[in-house]
Amino acid sequence: MSRKVKAIVLTGNGTNCEMEMAHACKLAGADMVDIVHISELLFGEKKLSGYNFLNLPGGFLDGDDLGSAKAGANRFLHAPISGADEMLIEELLKFINAGGLILGVCNGFQLMVKLGLLPALDGNFTTQSTTLTFNDSGRFEDRWVYLKADMQSPCVFTREVDLVYYPVRHGEGKFVVESASVLNEMEKKNLVVFRYCNGEGSITMDYPDNPNGSTRAIAGICNETGRLFGLMPHPEAFLHRTNHPRWTRESLPEEGQGLAIFQNAVRFIRSTEF
Amino acid sequence: MANRIEVGFKTGIRDALGEKTKKRIIDTLALNVSNVATIEVYTIDGQLSAAELRDAASGPLSDPVIQEFSINRPLAKNFDWLIEVGFRPGVTDNVGKTAREAIELLLGGAARPGKINVYTSRQYLISGQISRSGAETIASGLLANDLIERHQVIAASDFDINQGLPAFIPKVQGEDKPQVAQINLAAVSAQGLLKISQEKLLALNLEEMQKIQAYYQNPAVIKARKKLGLDENTTDVELECLGQTWSEHCKHKIFNSKINYTDGRRQLTIDSLFKKYIKGSTAKIRKAKGRKDFCLSVFVDNAGVIKFNDGYNLVFKVETHNSPSALDPYGGALTGIVGVNRDPFGTGIGAKLIFNTDVFCFASPFHKKKLPPRILHPRRIYEGVREGVEHGGNKSGIPTVNGSIIFDERYLGKPLVYCGTAGIMPARINGRPSHTKEIRPGDIVIMTGGRIGKDGIHGATFSSEELHEGSPVTAVQIGDPITQKKVLGKFTKSGKFHVRFGSKTVAYLDMDFLHNGVPQMKLAAKWKAPKNPEPVFSEPADLGKALTRMLSRLNICSKESVVRQYDHEVQGGSVVKPLVGVQNDGPSDAGIVRPLLDSMEGVVVAHGICPRYSDIDAYHMTACAIDEAVRNAVAVGADLDHLAGLDNFCWCDPVKSAKTPDGEYKLAQLVRANMAIYDYTTAYGVPCISGKDSMKNDYSIGLTKISVPPTLLYSVIGKIRDVRKAVTMDAKRPQDLVYILGETRDELGGSEWFAQNGSVGSKVPQVDAKKAMKLYRALHKAIAAGLVASCHDCSDGGLGVALAETAFAGGMGMRIDLKDVPYRGKKRNDYILFSETASRFVVTIHPKDQNRFEKIMAGNVFSEIGFVSADGLFEVAGINGRPIVKDNINKLKEAWQKPLNF
């Protein structure tokens, strides 16, 4: 029998997209999908070790009051798990070392880069080297964007994915790197998974196809193992063709393009590669 | 000990907020600014070591990749003016609270001794040739709302580059020792009672004050009070409780008053508009629907509840937050949206929130005239309200799926901010219906939500008055989408409202007196139709130019810049978005969401609002609003037999008095609006399930009085069985046939076209409900059969605007023949193009579906008037066959998109 896919969708303190993310995991065939409040982890009622696919959904952790996901990252780094001689971050690092998959969307992606989980170039998962900051437009925007995938990327979530169309819904999605060497290293290792492009697939810095002015049009990145992946656009918002903004005028398959990300995760966990 | 941590962007990192601020200064104040940079300031009150401060600054408070920080040393450099804006003492500071929690966690949580408080402020470093008064204008005219925020303006030459600004703690000063005052009302004169009402901002009239006075003289009341250490004196707590509970805002005294109405022909006495027309119409509709009645809970709970399917119920409520938004647009609107969230959330035993709606009424953001005192510029209100609803809705994870923005100069005194929220609940929970609840003695009262601050006090009474000189800022509550806290109380069977502070009784009132004691008002309403002459102007020679101008009118043009800033698809069930079409930017008629992701059943939401028609007759204004709401829902595919409505009245003071001499006319407008609610909701079978009224939307300071036009928002919620049958408004394919459904008449009274030509006119659109229903049923059948390629409601700007929008949203041209439009009235091309006759649609049909479509529509007024073209040319031939409009759709679209693109 193949390995069970056990997905956890982490919620609480301002996450918003947990329902649709859990729905995506279910549609993709995960054997178990739990929406878990972060306080269940902090009180030791649930353990990350019981899962192999961690979903960090979009939202506004702590209102994004100190910058997107900043207070949320602070909680992950400094909150102890009651009754256990362990910090939450230690449990998270164990989950990563055990080979678990992590998908961060929007605020979840912001959380990952601010913790240092991505791109984690030297394998150091708690040192931040990139960030996501205010869109060049200075405003939150909800709009659909085209994304071009790097087919050479080690990312396990985007195998066979080429050009997709997802919505972005953020005010702080502009990807910025600490230094040119970080960017070079990321590009050399094909860690840039998705870039904003136009409808024909040409990568662009032009607004609004590139909705936020991200460095080199970067929309999503992974770590070197390809098991940790974060992106600003929302794949879980396109699970059915009626989610597409032009579904009444285009002929589209019933299944939305966002599902592929979750299907890949499920397939990977079931495979011998995991 | 106070410390200042400042956080700014590193050199070379773009400061988007600074750039946006610069643009706003240039756009709205026309001041010559070359650069604006921003710095976030955290003032920390508490004992922190140097190392701890550094950990806080480099940890949760700054981003190491893009920001730098300083501790007790200024970051500011290279500027001409520095403006620092922070909250006034006691005002809710959500960011400060988050910062405090983050620092406490960082430093070891609650175990660490000593209390920390964090107060936030922001510095704007402005460069440019600006005088001190210019800098002051930027500070108080744009960056700070002086009612809730404090600001400092410092010239570069006065800035100490080493010390910077001293740390300032905006703590509420003075010891807060709660005291309860006793007031003896027994011997107070009528004048004295009114003085108490006024000074305490109770907003109670003489009769109400006298009723309170009498209550405290009742020997039985005094006897009961003496047992608890009280006496015949009222406490200020009780007086406040009565003031708030008996306010117009809470008790809807005007809607429940006894009204003597006359219109010259007939005279009638109405004992409560609410009971007779609103509740009355719903009762009649429910009876007529019999077993098909879908209403579950109407008018009794926080929101109305209807059936969605066998397993689930829908809950919907719309509220207004007008007065607070006038004083503090951001805080007022934020609380407006998070406030209405609580209604469906707290209905029955609780609902999950599935979407928000918002409708705003503002004066023109391009208002040029001098502003009366205490009025914020409409552009500032527009931006503030927009941002408040953005933060309230987006952060709560509830999609904003439907809304509109209406402009009229009379919203200058008080803007209208309507916010709605719908929810879904399983029909039964643990075997019991979810839409009901009961309270039993012994039940515990738990308060959950934000910490109670000094903001929000007197909100109910303040909104029951016009905006005046003494309107208090504390009346504006500042919402917080994230927090919670608990307070406990208990329900008893004593029939008393008993409040203790510690062991001391501070209020002890009979529940019956508190809730039912307010005397019924008796009012007179006199209707006399206003005389607006039909305007005299000839048909313009260039109707293409006329159409372009119409598309640029504020009430017609695109609201995309606002819509984009609201998350309209969180929760993953978005089906018909507010923006549709080939470039995702055409204006949807209604919203559709799938609240249950494993089902194809959808919830439809739409609304109608036409305040301009009140200038002629509020009866027809109301009829048109109801028709527009239903029409919009039908346009996307809603099931007509499963639609429920919500009525939200925003009126000007309709009680005749020295300051409102025309109160009898305004009340007659209200009566007539209610009559239309009854007539049209019953004709359509669309029951009101909830609603609200806001009756004092006036501004009165000095000699200036500004009253809003009587405005009714009618919102509908309904259902579509299979969302895959939904239709959007954009033209789909070249060669598709264009139809107009419904008759067009020369009803241009109150129209955008007459307004464009400087007049109101007299022939207001009138709704023929019977014909409309027949048409809507046929259209629904055609949509359900998949025969309709696009469908767009004809409303503001009439046929011409609806056709142009359909064309450019689809990225295609059109050829239209006006002589084929079914029309009654004075034959003029401009009238046919821009008349706002109700109950009409523009639809496009694939030629292969023509016969089936026409067969279904047979027996209704409808006509094929042209076709969709691939060339992008929008061409209209006039009644005599000659071309009257020939424009590229891109030009029309640009005219439509430009005005509010900021």
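Predicted model: local features only at pLDDT ≥ 70, side-chain atom pairs only at ≥ 80, totals over all residues.
In soluble globular proteins, nonpolar side chains tend to be buried together. The largest nonpolar core of the model holds 89 residues, and those that touch the most other members are B:Tyr261, B:Tyr684, B:Tyr714, B:Leu741, B:Val788, B:Phe841 and B:Val843. Helix 18 of chain B (residues 618-636) supplies the largest share of this core, namely 13 residues. The core lies between domain 2 (247-254 + 278-522 + 556-654 + 684-726) and domain 3 (769-897) of chain B, because both domains give residues to it. Beyond its neighbours within four places in sequence, B:Tyr261 is in contact with B:Arg266, B:Gln267, B:Leu268 and B:Ile270, and also with B:Ala525, B:Trp527, B:Ala668, B:Val671, B:Arg672 and B:Met675.

On the side of helix 18 of chain B, the residues at the contact are B:Ala618, B:Tyr619, B:Thr622, B:Ala623, B:Ile626, B:Asp627 and B:Val630. The residues they meet in helix 19 of chain B include B:Arg672, B:Met675 and B:Tyr684. Of these, B:Arg672 and B:Met675 are also contacts of B:Tyr261, while B:Tyr684 is listed among the core residues that touch the most other members.

Strands of a sheet pair through backbone hydrogen bonds, either parallel or antiparallel. In chain B, 6 strands form an open sheet with antiparallel pairing, in the order 3-1-2-5-4-6. Strand 3 (67-71) and strand 6 (149-155) of chain B stand at the edges with a single partner strand each, so one side of each has no neighbour in the sheet. On average, and with direction ignored, neighbouring strands of this sheet are turned by 20° against each other. Within the sheet, strand 1 (residues 2-9) and strand 2 (residues 35-45) of chain B run antiparallel and are joined by 7 bridges. B:Val7 stands opposite B:Glu40 of strand 2 of chain B.

Two helices accompany these strands. Helix 1 of chain B (residues 16-29) lies across strand 2 and strand 5 (117-127) of chain B, at about 120° to strand 2. Helix 4 of chain B (residues 132-143) packs on the sheet, where it touches strand 4 (81-87), strand 5 and strand 6 of chain B. The direction of helix 4 makes about 160° with that of strand 6 of chain B.

The loop between strand 6 and strand 7 (182-183) of chain B contains B:Lys171. This residue counts as partly exposed because its relative accessibility is 40%, a value between the limits of 20% and 50%. Apart from residues up to four places away in sequence, B:Lys171 touches B:Asp45, B:Pro89 and B:Tyr119. Its C-alpha atom is separated by 9.6 Å from that of B:Val91, which is 80 residues apart from it along the chain.

Strand 31 (residues 698-701) and strand 32 (residues 704-707) of chain B run antiparallel, joined by 4 bridges. Their hairpin has 2 residues between the strands, and B:Gly702 takes a positive phi near 60°. Strand 37 (residues 813-817) of chain B pairs over 4 bridges with strand 40 (residues 862-869) of chain B in the antiparallel sense, and over 4 bridges with strand 41 (residues 873-877) of chain B in the parallel sense. B:Met814 has B:Val868 as its bridge partner in strand 40 of chain B and stands opposite B:Phe874 in strand 41 of chain B.

Methods
Residues numbered from 1 in each chain as written. Chains lettered and ligands numbered in written order. Heavy atoms only, no water. Core = buried A, V, L, I, M, F, W, Y, C linked by side-chain atoms within 4.5 Å. Buried < 20%, exposed > 50% of the residue type's maximum accessible area, 1.4 Å probe, protein only. Domains from an automatic or database assignment. Contact = heavy atoms within 4.5 Å. Pairing = 2+ DSSP bridges. Axes fitted to C-alpha atoms, helices over the stretch in contact; angles between N-to-C directions.
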